[in-house]
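Dear colleague,

Please find below the structure that I am handing over to you. My notes on what was found in it follow directly after.

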Amino acid sequence: MCSSDLIQLLFPYGKFNSSFLLKGATEEEADTLLKLFRTGLGKLVSTKDEDQGQAIQSDCVADVFLEAVKMWPDLNPADIWNFVVYRMYLDPF
């Protein structure tokens with residue numbers, strides 16, 4: 001669900017389906033984070049070195065988190081981490 005300043009994230013949480021409301025967030029901002037995440041992980045294609053791959057993943061996750069905290073300064077950073085960045089990383093798609 002999206003409105004002009006509210007996004008509802010739906011995800012599995014243990015055995016349950018859960019949701020989290022991002023108040024003050026726009027669809028464009030969420031798309032920006034998703035593109036940043038996909039672009040960062042896209043760099044994995046060009047490496048076969050496991051250590052370099054782990055560094056790419058770590059940098060990508062950190063970049064997305066820092067951008068989200070700047071984008072949504074009124075949201076709790078722990079919520080951004082647990083319900084946005086971490087869920088993005090766990091999503092197999």
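Of the 93 residues in the chain, 26% count as buried. Please bear in mind that this is a predicted model. The C-alpha atoms occupy a box of roughly 40 × 30 × 20 Å along the principal axes. Three helices and three strands make up the secondary structure, and along the sequence they follow the pattern β-β-β-α-α-α. Among the contacts with a separation of 6 or more, 42% are between residues 24 or more positions apart.

H1 has 16 residues and spans 22 Å from its first C-alpha to its last, close to the 22 Å expected at 1.5 Å a residue.

H3, with 14 residues, reaches 18 Å between its first and last C-alpha, close to the 20 Å expected at 1.5 Å a residue. Its buried residues are Ile80, Phe83, Val84, Val85 and Met88. These too share one side of their helix, H3, because they cover an arc of only 155 degrees around the axis. E2, strand E3 (16-23), H1 and H2 are included in what covers the buried residues of H3.

An α-helix has 3.6 residues a turn, so residues three or four places apart point the same way.

Two individual positions deserve a separate mention. Val61 is located in helix H2. Because its relative accessible area is 12%, under the 20% cut-off, Val61 counts as buried. Not counting residues up to four places away in sequence, Val61 touches Phe37, Trp81, Val85 and Tyr89. Val61 and Phe37 are 24 residues apart in sequence, with 7.1 Å between their C-alpha atoms.

Asn82 belongs to helix H3. With a relative accessible area of 36%, Asn82 is partly exposed. Along the chain, Asn82 and Ile56 are 26 residues apart, and their C-alpha atoms are separated by 20 Å.

The largest pocket has a volume of about 610 Å³. It is lined by 25 residues, of which Leu9, Leu34, Val84, Met88 and Asp91 are the closest to its centre. Strand E2 (6-13), helix H1 (27-42) and helix H3 (77-90) are the elements that each give two or more residues to this lining. H1 provides the largest share, eight residues. By type, the lining of the largest pocket divides into 19 nonpolar residues, one polar and five charged.

With kind regards

How values were computed
Residues are numbered from 1 along each chain as its sequence is written. This is a predicted model: local features need pLDDT of at least 70, side-chain atom pairs count only at pLDDT 80 or more; totals for chains, interfaces and linings use all residues. Side-chain values use heavy atoms; hydrogens and water are left out. On a 1 Å grid over the protein atoms alone, a cavity is a set of points where a 1.4 Å probe fits but cannot get out, and a pocket is an open set with protein on both sides within 12 Å along at least five of seven lines; lining residues have an atom within 4 Å of a point. Grid points are joined across faces, edges and corners, and a volume is the space filled by probe spheres set on the points. Helices (H or I, at least four residues) and strands (E, at least two) are DSSP runs, numbered from the N terminus. Ala, Val, Leu, Ile, Met, Phe, Trp, Tyr, Cys and Pro count as nonpolar, Asp, Glu, Lys and Arg as charged, and the others, Gly among them, as polar. The expected span of a helix is 1.5 Å times one less than its number of residues. Buried means under 20% relative accessible area, exposed over 50%, partly exposed in between (1.4 Å probe, protein chains only). The arc is that of the directions from the helix axis to the C-beta atoms. Contact means heavy atoms within 4.5 Å.
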